[in-house]
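This report is meant for a reader who is meeting the structure for the first time. It moves from a sheet to a loop, and then to charged side chains.

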Amino acid sequence: MLKVQEIREIIKLIDQSSIDEFSYESNGTKVSMKKQTGEIKEKTTVQEAASPQETVPASPVQQPEPVKENPPVAQEEDTAKNYDHEIVSPMVGTFYSSPTPESEVYVRKGDTVSKDTIVCIVEAMKLFNEIEADVNGEIVEVLVENGELVEYGQPLFRVKAK
């Protein structure tokens, strides 16, 4: 069965691609997504194991659609316009915002960074990898929490380039 984080990643990938419809089935679990006017609707069907004599019909489980309000949409548009670059994780690992638990964080929202500024550490297999900004600008959003597991390519920070 797919994990919630894996489903979220699939949703992001489908949203960013030109694919209009996606289906995935494994071990009796089926996930189907379809874009309609810029929205992605998700339908998950779970089929439980049945004895050889009986069959269990699949029961659809649908996520409730979010209530559409104008203010949150406006905030999303502002955030989208507020940054030029995302600093992404180059690997799967654990995100650390400071070199040690007692130290100050490398960067906060509003801090100015240069290309060689260390913004965080991603620990993978007991190796601590310093992540640099790779862009000159201002941190406008920190997207992950200290100690959180991150995926390859997952956005960590949003930067307004200068």
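In this predicted model, four strands make up an open sheet in the order 9-8-6-11, and their pairing is antiparallel. Because strand 9 and strand 11 (149–150) stand at the edges with a single partner strand each, one side of each is left without a neighbour in the sheet.

Inside that order, strand 6 (residues 93–96) and strand 8 (residues 118–124) run antiparallel and are joined by three bridges. Here Phe95 has Val122 of strand 8 as its bridge partner. Strand 8 is also joined to strand 9 by six bridges, again with the two strands running antiparallel, and in this pairing Ile121 stands opposite Glu130 of strand 9. Strand 8 and strand 9 together form a hairpin with two residues between them, and Met125, which lies in the turn, has a positive phi of about 55 degrees.

Strand 9, which spans residues 127–132, also holds Glu132. With a relative accessibility of 38%, Glu132 counts as partly exposed. Glu132 takes part in a negative surface patch, which is formed together with Asp116, Glu130 and Asp134.

The loop between strand 6 and strand 7 (112–113) is the place of Pro101. Is Pro101 buried or exposed? Its relative accessibility is 78%, so Pro101 counts as exposed. Although Pro101 and Asn146 are 45 residues apart along the chain, their C-alpha atoms are separated by 9.6 Å.

The charged side chains come next. In general, side chains of opposite charge can pair when their charged atoms come close.

| Salt bridge | N to O distance |
|---|---|
| Lys160 and Asp84 | 3.9 Å |
| Glu86 and Arg158 | 3.0 Å |
| Arg108 and Glu104 | 2.8 Å |

Lys160 and Asp84 meet in a salt bridge. This pair links distant parts of the chain, 76 residues apart, with Lys160 in strand 12 (residues 155–161) and Asp84 in the loop between helix 2 (70–81) and strand 5 (85–88). Lys160 has a relative accessible area of 32% and is therefore partly exposed, and Asp84, at 48% relative accessibility, counts as partly exposed as well.

Glu86 and Arg158 form another of these salt bridges. Because Glu86 lies in strand 5 and Arg158 in strand 12, the pair ties together parts that are 72 residues apart in sequence. Glu86 counts as partly exposed at 26% relative accessibility, whereas Arg158 is buried, with a relative accessible area of 18%. The cut-off explains this label, because buried means under 20% relative accessible area.

For the salt bridge between Arg108 and Glu104, Arg108 is partly exposed with a relative accessible area of 44%, while Glu104 counts as exposed at 56% relative accessibility. Elsewhere, salt bridges that share partners join Glu86, Glu141 and Arg158 into one network.

Note on methods
Residues are numbered from 1 along each chain as its sequence is written. This is a predicted model: local features need pLDDT of at least 70, side-chain atom pairs count only at pLDDT 80 or more; totals for chains, interfaces and linings use all residues. Side-chain values use heavy atoms; hydrogens and water are left out. Patches are made of residues with over 30% relative accessible area and no salt bridge: like charges are joined within 9 Å, nonpolar side chains (Val, Leu, Ile, Met, Phe, Trp, Tyr) within 5 Å. Accessible areas come from the Shrake-Rupley method with a 1.4 Å probe; for residues, only the protein chains shown count as cover. A salt bridge is a side-chain nitrogen of Lys or Arg within 4 Å of a carboxyl oxygen of Asp or Glu. Lys and Arg count as positive and Asp and Glu as negative; His and the chain ends are not counted. The place of a charge is taken as NZ of Lys, CZ of Arg, CG of Asp or CD of Glu. Buried means under 20% relative accessible area, exposed over 50%, partly exposed in between (1.4 Å probe, protein chains only). Two strands pair if DSSP finds at least two bridges between them.
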